[in-house]
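The sequence and structure follow.

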Amino acid sequence: MAAANGGASRRSRPNVLVTGTPGTGKTTTCSLLSEAAGLRHVNIGDLVREKSLHDGWDDDLECHVINEDLVCDELEDMMEEGGILVDYHGCDFFPERWFDLVVVLQTDNSILHDRLTSRGYTGSKLSNNIECEIFQVLLEEARESYKEDIVMPLRSDNVEDISRNVGTLTDWGCSLQVHVILWLDLLCAICKCLYVQIELLPQKTQIFPSPPIKDTV
Ligand SMILES: Nc1ncnc2c1ncn2[C@@H]1O[C@H](COP(=O)(O)OP(=O)(O)OP(=O)(O)O)[C@@H](O)[C@H]1O
Ligand SMILES: [Mg+2]
């Protein structure tokens, strides 16, 4: 997992992006995963509304026009610290270096159709989202934006899927943290070793005494 190792070397806790077509269960999964894995859940839609990180309202799409630069600026510091679970139905504008894992939730089309209609989606809003799922737009976007080995598609059709996904992702987070801790331990051991060597340095230099200073007179 190249990007995971690269990311973990700069932060002590992993960052995870959970993406997928609207209604696939990102927020439901993130809420449970946040508790199980002790990650901080950042719902980008809520953040955009709360902090007005948008360029107004789109009447056709019935949503705010997200200002991607403002969102990235807002997130930068916390992403650097790590331990963040980002929940958003897009993934191509975040810096690649932010994430150790990109989860793409996927749902059977007829199940998703029922979920979205029960939310009141109709017309083009409903059909656009169903088409987005049929053509696996988010999976494609994730694979184009991140190294393929950190992109993890997960089924989210029913409650059992949610529970299995939360388990899988919690296990993944734990194993990555153990990996990071082992590396930190190794680094500490090397530093201690170097410290001891430096402490012994004056004695060692005795073995190689400096050449006698020549009389200049
Ligand atoms: N795997 C699942 N099994 C059963 N119900 C689910 C599952 N995933 C989500 N749901 C239900 O579908 C609805 C939408 O879920 P949720 O809000 O988590 O989706 P979302 O991906 O966050 O959507 P959005 O992108 O619009 O925020 C909720 O009522 C939720 O309870
Ligand atoms: Mg949501």
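## Conventions

Angles under 35 degrees count as roughly parallel, over 145 as roughly antiparallel, 65 to 115 as roughly perpendicular and the rest as oblique. The model is predicted: local features need pLDDT of at least 70, side-chain atom pairs count only at pLDDT 80 or more, and totals for chains, interfaces and linings use all residues. Residues are numbered from 1 along each chain as its sequence is written.

Helices (H or I, at least four residues) and strands (E, at least two) are DSSP runs numbered from the N terminus. Angles run from 0 to 180 degrees between N-to-C directions, with axes fitted to C-alpha atoms, for helices over the stretch in contact.

## Helix pair

Helix α5 (residues 109–118) packs against helix α6 (residues 123–134) at about 155°, their axes lying 10 Å apart; α5 and α6 are therefore roughly antiparallel. On the α5 side Asn-109, Leu-112, His-113, Leu-116 and Thr-117 meet Leu-126, Asn-129, Ile-130, Glu-133 and Ile-134 of α6, where contact requires C-beta atoms, placed from the backbone, within 7 Å.

## Parallel sheet

Five strands make up an open sheet with parallel pairing, ordered β2-β5-β1-β6-β7; two strands pair if DSSP finds at least two bridges between them. Because β2 (40–43) and β7 (151–155) each have a single partner strand, they stand at the edges. Four bridges link β2 to strand β5 (residues 84–87), and Arg-40 has Ile-84 in β5 as its bridge partner.

Helix α2 (residues 26–37) lies across β1 (16–19), β2, β5 and β6 (101–106), at about 170° to β5.

Strands β3 (residues 54–58) and β4 (residues 63–66) run antiparallel, joined by three bridges. Trp-57 is bridged to His-64 in β4.

Conventions
Chains lettered and ligands numbered in written order. Contact = placed C-beta atoms within 7 Å.
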